[in-house]
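User: I am new to this structure. Please show me how to read its features, step by step.

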Amino acid sequence: MKKLITLSIALLAFTFSNAQETSKRVKTSKKAVVKTTKVTATTMSKVQGAGMVFENETIDYGTIAADSDGKREFVFTNNGNKPLIITNAVGSCGCTVPTFPKEPIAPGAKAVIGVKYATDRAGQAFTKTVTITSNAEGTPSKTLTIKGNVLARETAPKS
């Protein structure tokens, strides 16, 4: 009987110690993955020359009232090591009017591409683009998108 109890305790102790070692190995490997991910993300975001990374390349206006404020902003960062110069911004039609910074954007600095959609086009869904031309390394032309739906104007009932 003493041998059975001793064997049970030894088996239990072995199982318990093995479980703790596995737990430690899992924690260590998770830390390594997190560190690798951070380094990779940081390294990949930098470019040689001028760069342009947008917080969001599509703006969804959602459903808006006719004649409401159609102004929105695309925020971006120069992720390069040289100044970024935007030479042009063109809307896909006359109802989409972009604005852009005329001065160079320093490395690491944030800036804004403004866009105004003509919300007087009532009762229509829309998807429009703005094409940006710059000295960004690898992608000198960038297309941004706006979309949404303008509600129809209410009409007065005829008497």
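User: Is Arg 153 buried, exposed or partly exposed, and at what relative accessibility?

Analyst: Start with the cut-offs. Buried means under 20% relative accessible area, exposed means over 50%, and partly exposed lies in between (1.4 Å probe, protein chains only). Arg 153 has 44% relative accessibility, so Arg 153 counts as partly exposed. For the protein chain of 159 residues, 26% count as buried.

User: What should I know about the model and its numbering?

Analyst: This is a predicted model, where local features need pLDDT of at least 70 and side-chain atom pairs count only at pLDDT 80 or more, while totals for chains, interfaces and linings use all residues. Residues are numbered from 1 along each chain as its sequence is written, and side-chain values use heavy atoms, with hydrogens and water left out.

User: What is the mean pLDDT of the protein chain?

Analyst: pLDDT is the predictor's confidence in each residue, from 0 to 100. Here the mean for the protein chain is 80. Of its residues, 69% reach 70 or more.

User: Where does pLDDT stay under 50?

Analyst: Look at residues 19-44. A contact means heavy atoms within 4.5 Å. For residues 19-44 the model has 1 contact beyond four places in sequence.

User: How many helices and strands are there in the protein chain?

Analyst: Both are DSSP runs, numbered from the N terminus: helices are H or I with at least four residues, strands are E with at least two. The protein chain has 1 helix and 8 strands. From the N terminus on, the order is α-β-β-β-β-β-β-β-β.

User: What is the strand order in the open sheet of 4 strands?

Analyst: Strands of a sheet pair through backbone hydrogen bonds, either parallel or antiparallel. Two strands count as paired if DSSP finds at least two bridges between them. In this sheet the order is S1-S3-S6-S5, and the pairing is antiparallel. S1 and strand S5 (96-99) are the edges; each has a single partner strand, so one side of each is left without a neighbour in the sheet. S1 and S3 pair over 2 bridges. Val 53 stands opposite Thr 77 in S3.

User: How many salt bridges does a search of the whole structure find?

Analyst: Side chains of opposite charge can pair when their charged atoms come close. The cut-off: a side-chain nitrogen of Lys or Arg within 4 Å of a carboxyl oxygen of Asp or Glu. The search finds 3 salt bridges.

User: Which residue pairs with Lys 110?

Analyst: Glu 55 does, at 3.0 Å from N to O. Lys 110 is in strand S6, and Glu 55 is in the loop between strand S1 (53-54) and strand S2 (58-64), 55 residues apart. Both are exposed.

User: Which residues form salt bridges with Lys 142 and Arg 153?

Analyst: Lys 142 meets Glu 57, with the closest N and O atoms 2.9 Å apart. Lys 142 sits in strand S8 (residues 141-150) and Glu 57 in the loop between S1 and S2, 85 residues apart. Glu 57 is partly exposed, at 34%. Arg 153 meets Asp 67, with the closest N and O atoms 3.0 Å apart. Arg 153 is in the segment after S8, and Asp 67 is in the loop between S2 and strand S3 (71-77), 86 residues apart.

User: Which residues are joined by a disulfide?

Analyst: A disulfide is a covalent bond between the sulfur atoms of two cysteines. The rule here is a pair of cysteine sulfur atoms within 2.5 Å. The count is 1 disulfide. It joins Cys 93 to Cys 95, S to S 2.4 Å. Cys 93 is partly exposed at 27%, whereas Cys 95 is buried at 2%.

User: Where is Thr 119 found, and is Thr 119 buried or exposed?

Analyst: Thr 119 is in the loop between strand S6 (110-117) and strand S7 (124-134). Thr 119 is buried, with a relative accessible area of 6%.
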